[in-house]
Each structure stands twice: as C-alpha cells, then as structure tokens.
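Hi everyone, thanks for coming. Please have a look at the chain on the screen, and then I'll walk you through a few of its parts.

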Amino acid sequence: MLKFRSRARGAITGAMAAMLLAGTGLTTEALAQEKTITAVMHSGLRVLDPIITTAHISRNHGYMIYDVLVAVDENFQPQPQMADWTISDDKLTYTFTLRDGLKFHDGAPVTSKDVVASLNRWAKRDSGGQLIMDVTESLEATDDKTIVWKLTDPFPALLDTIGKQSAIPPFIMPERVASGSADEAVTEYIGSGPFVFVEEEYQPGVSVTYRKFEDYVPREGEPSWMAGGKEVKVDEVKWVTMPDAQTAINALLSGEIDYIEQVQIDLLPLLEASEDVVVETRDELGYQTIGRMNFKHPPFDNKKVRQAAMMALSQEDVLATLIGNPDYYKVCGAIFGCGTPLADDTGSETLTSGGDIEGAKKLLEESGYDGTPIVLMQPTDVVSLTAQPVVAAQAMRNAGFNVDMQAMDWQTLVTRRASQSKPEDGGWNIFFTNWMVPEVNNPLISPMLNGRGDNAWFGWPEDEKVEELRAEFIAADTPEKQKEVAKKIQEHNMEEVLYIPLGQYIMPQARSTKLVNMIESPVPVFWNVDKEQ
C-alpha cells in the first residue's frame, strides 16, 4: 500500500462550521458530543437510486442505506450477508434463508418478498443479472424468510454475480419500492443498511447526511470489504461537495473535514509535511478509464468511424494528463484489466503505442464520415474525469472529426447519458468514465460487454456475437477454457469497439489520523471506522 503523511493544523472557519450545522437542528454543543465524519466524495450526489445507474457516487450511497444478500470479501469470495444459502446437488436450486434481526428503517421487518422484488428489478438493469434470468425457471418467496431460486441450467457464477461489490450490487429495498419500473428512479429511500438517509437535510449535489441506524444488527464476523460485521461506530456521516481540489485539501489540513475520497496527484506534496493526515490507496488494481460511444445514432453506428476514433487515441497521452506521475498509472490494453487472471492485450497496439493519427485519418475517410458533429460530454467537476475528454477531443480533431465538446457537471452527464435522443436533441455521441478493475475483470459482470441493444448499458450496442461469447464463457468449466474465451472477447471488443480501454490508474484517498480502522476496500465504506476525539 502506498502511504504518504503530511502535517498542518488549523481551526474550522465560520463559513464551514455554519455549513455543517445548517439543517441539522442540533446546537453546537450537541454536535460536539456526537461523532460526525465529514467527507468530500469524488462527486456530488444527485441520483439516489443505485439500481438505475452505475455511477459510483450512487453506489456509495447505496451501501450506506441498503444491504445485500451476499457480499464478496477481500479474497473475492462470496460470503453470507443478509442470508445464508444452500445449493442443490444438481446446481439448479439455490435456497437463501434470511438471518434474524433484519429491519427496514421504517421499522418493518425485511421479508423474502422484499428480496424477490429487489432481485427482479436489479436483474432487469444489470448485465450479469440479465444472464442469470436467461436461465431462471423461478424466483420465489416460499415463506417470510426463505427465497428459492430455480435455474434451468447451471450458472456457476451466480453467487459471485449477486455478491459483486459494484456495477450494480443488488441492493435490497422494500417490496413496495422495488416493485416499480426498473427504468424509473425510486422516490422512497428506505433500506435496511447501517445508516439512515436524512432526507430533510439532503441538498442535491451539495450535501447529504446519514445517521446511524440504531436498530441495525450487524452480522457476526470481522469486516472484510463488503462482507462481515457492519458495525457503525459514529453517529453521523456527512458528505459535502468541494469541486475545487485545493479547497478540499486545505479543509482537510485545517481539520474542517475528515476525509477526501480522491486526491489529485499533483497536490500530494501539500500533504507530505503533516502528521495529521494519511494518504493511502484502497486497491492495488485501481481503476480502468474508458471511452464509450453511442451506437444508436450516426456517426458511431458505423464501425469504421468507431475504429478511427480509437486509432486516434493514445493511452499515454490520456494517463499522463489525467494523473501526471507514472508511479500512479499503467498503460494497459487489456479490457479485463492488467494484473487479473483474464488479462490479454490483443488488438490494443495503437492505444498502447501512442495512437496513429495518420491511420485514423485514412480510416475515417474510408468510412464515409461526412463531418457530423460529435457531441462529446465533458464533466468539469470530478478530478478523475476532467482530462480524458479534453485529450480525446484534440486527438479526434487531429484525425478529422468535428468535435462538439459540451461542458457539464458529472451528475448532469450521468443523467444525460441515459437519454436515447439524437445528439442534436439533447442526446450524445461519446463520453468517458472510470471503472474499478474488479467491476470489469470478467465478461459476466462488465457492463460494457452487454450486446442487448436497448437493454444494454448506455450506448446500447446490438451485438449477438458478444452475447454468444458470454454464453460460451459461462459454459467454460476450467480456468484455461475461460481464458481462451476471454481472449476471443478481447479481440471482438477491439474489432467492434464496444468501448475503448484507456489504461489503469490509482487515485489515493486522504483521511485525518482521527479516523481509525477504516476498511481497505475498493468501495469506500463508513462502517467499522471510528473517529477519535
């Protein structure tokens, strides 16, 4: 683990104190007696439904207020969380039994009907969930605590898929909430997780408050990533938005905040002298940054145009601008991530060798591209997403594309990317985002390798071949066979340009030394952590 330390002291400014007190209904004296963690996350929170989006901030919000049936531990092994399970000898029937003490924030007990409704809604949105439902005979609540999931064919990765920590975890909601459309955001935010969402204090994109759920009963066992006991040791967690990285660092150094989810690499020296701050990485694999095109509208409905755009791009240019320090990034053409069992870089030669502008120009001419404007969405408020659009826009212009780069905040982009409208009518052509490598390290969970058209991830490619290859991966019964299929999928992705892998990077987090026992998880969580006064 990479660690840095820095030293500085300061007092809370009047403006910051006022902001933290605003809307709480508590006096300064009362707050002083409570333990509150104030955190600056990588983005403001606007989308409160973690099932309709893969945005990481919405996922982080999900883990605060919801729980999951199964959770992976730090060894990538699925463990019981809300439920234990048994599997029939023929591998076709999974029986889940809810543990005692599960209760929603409104006081209602969690029942198996809540679970079934939640799993059905999740499966309509999630790439892996769709694959499971392809072989599902029935998913039923047989009594208040028992869920029986029957398959027509074995699905060896079922527990891994419903236990994955991201993109998209199957968070459990009350039946009345989860029974709604999977295409429309929920409007009631009741979970059974360790924290309660304080709706009256929520300021979209600015501030969100979570209070300890006093009736939460942690599972027994030591915490390990999303698994184990989720014991809350503070009274409140407050996320505040500070788009300016320098402002956030100054606030951490002066003690006004306790945590920054992502630290801009070139500002790390500001922290090096303090004994009151720890900077560390949560995950050695880090993130994969990517580009995604819209397959529904010209010009990226043309494969040669997609290929020309990819040929123009250079991973080194993107990563050097995004991160700067090569100690924190890696040129990597593997769609499943370097350092993973399925890593293969076939077809990534131009990306990893600096791009090929002349080749891109030639291919673009062959494609018949007519100068149609490329609406490239550019988030301006997330440190890990600001560089990619700028670098890509220039490279594509150099290759002959007419690029219309439109600036917006990340949460606006997250909302707009769900639109299937034409680019000139409020839609889009291309955007860039980041995934944790564990979110994309196999074809069953990677959202971008879904070829189901309107039921696929944003961009909506219709690709029967990739669906056939994913089915072949499911049927592969040895690691060697899986790796062979994964290489075919790598080749297919680079040929069809389902998405553009732009390399891997690590983004450190920073916390006050007052925060102790924070779990080293790729997903930042606020159970187990304590705040020393």
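I'll start with a sheet and its helices, and then turn to some single residues.

First, some ground rules. This is a predicted model, where local features need pLDDT of at least 70 and side-chain atom pairs count only at pLDDT 80 or more, while totals for chains, interfaces and linings use all residues. Residues are numbered from 1 along each chain as its sequence is written, and side-chain values use heavy atoms, leaving out hydrogens and water. When I say helix (H or I, at least four residues) or strand (E, at least two), I mean DSSP runs, numbered from the N terminus.

Let's look at the sheet. Four strands form an open sheet in the order E5-E6-E8-E7, with antiparallel pairing; two strands pair if DSSP finds at least two bridges between them. Which strands stand at the edges? They are E5 (83–87) and E7 (136–143), each with a single partner strand, so one side of each has no neighbour in the sheet. E7 pairs with E8 (residues 146–151) over six bridges in the antiparallel sense, and Ser 138 stands opposite Lys 150 in E8.

Now for the helices. H4 packs on the sheet and touches E6 (93–98), E7 and E8, where contact means heavy atoms within 4.5 Å. H5 packs on the sheet too, touching E7 and E8.

How do these helices meet? The axes of H4 (residues 112–125) and H5 (residues 127–134) come within 6 Å and cross at roughly 110°. Axes here are lines fitted to C-alpha atoms, for helices over the stretch in contact, and angles run from 0 to 180 degrees between N-to-C directions. That makes H4 roughly perpendicular to H5, a label for angles of 65 to 115 degrees, with under 35 roughly parallel, over 145 roughly antiparallel and the rest oblique. Among the residues that meet are Leu 119 and Trp 122 in H4, and Ile 132 and Met 133 in H5.

On to single residues. Ala 167 lies in the loop between H6 and H7. Its phi is near 45°, a positive value in a residue other than glycine. Is Ala 167 buried or exposed? It counts as buried, because its relative accessibility is 4%; buried means under 20% relative accessible area, exposed over 50%, and partly exposed in between, with a 1.4 Å probe and protein chains only. The peptide bond from Ala 167 to Ile 168 is cis, with omega near -5°.
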